[in-house]
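Please read the points below with the structure open beside you, and follow each one on the chain as you go.

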Amino acid sequence: MTTIVLVCAAGVSGTFLARRIAPSLPDVEFVVTTEHALEDALAGADAVLIAAQLASAEDAIRLRAAPRPVAVLPADAMAPAGSILAVDAVDALVQSIAAPPPQRSTDNV
């Protein structure tokens, strides 16, 4: 099971989104939080997904969430018809967790 922290402004829209897309992502557990309570939600988290309304805080959230991967949802993902965009964003984030880090070549060293 992969645990993704979904950060949104007040937690309401994130909760609605998580409930809407959870059936499409049975191996993902969502923990919805606000930016102010992020540290409390990070324990046990594998990655962080930021709602589009907090995109301006991405750099600060990245620093706080390190070394976990972080992604920002597309703006349309929070709309009722945006579930597919949200599922795609979560899938990409889960793949980034599973992918091994790129190996640096030592041929020219």
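1. In this predicted model, four strands form an open sheet in the order E2-E1-E3-E4, and their pairing is parallel. The edges of the sheet are held by strand E2 (28-34) and strand E4 (70-72), and because each of these has a single partner strand, one side of each is left without a neighbour in the sheet. On average, and with direction ignored, neighbouring strands of this sheet are turned by 25° against each other.

2. As background, the strands of a sheet pair through backbone hydrogen bonds, in either a parallel or an antiparallel way. Here strand E1 (residues 2-8) runs parallel to E2 and is joined to E2 by seven bridges; as one example to look for, Val5 has Val31 in E2 as its bridge partner. Helix H1 (residues 12-21) lies across E1 and E2, and its direction makes an angle of about 145° with E1.

3. How many salt bridges does the model contain? The count comes to three, and the next points take them in turn.

4. Arg64 forms a salt bridge with Glu35, with 3.8 Å between the closest N and O atoms, which falls within the 4 Å cut-off for a salt bridge. This pair links distant parts of the chain, since Arg64 belongs to helix H3 (residues 58-65) while Glu35 sits in the loop between E2 and helix H2 (38-42), 29 residues apart.

5. The side chain of Arg64 also meets that of Glu39 in a salt bridge, at 2.7 Å from N to O. Because Arg64 lies in helix H3 and Glu39 in helix H2, the pair ties together parts that are 25 residues apart in sequence. Is Arg64 buried, exposed or partly exposed? With a relative accessibility of 28%, Arg64 counts as partly exposed, and Glu39, at 44% relative accessible area, is partly exposed as well.

6. Glu58 and Arg62 form a salt bridge in which the closest N and O atoms are 2.7 Å apart. These two residues are four residues apart in helix H3, so about one helical turn separates them. Glu58 is partly exposed, with a relative accessible area of 23%, and Arg62 is partly exposed with a value of 34%.

Note on methods:
Residues are numbered from 1 along each chain as its sequence is written. This is a predicted model: local features need pLDDT of at least 70, side-chain atom pairs count only at pLDDT 80 or more; totals for chains, interfaces and linings use all residues. Side-chain values use heavy atoms; hydrogens and water are left out. Two strands pair if DSSP finds at least two bridges between them. Axes are lines fitted to C-alpha atoms, for helices over the stretch in contact, and angles run from 0 to 180 degrees between N-to-C directions. Contact means heavy atoms within 4.5 Å. Buried means under 20% relative accessible area, exposed over 50%, partly exposed in between (1.4 Å probe, protein chains only).
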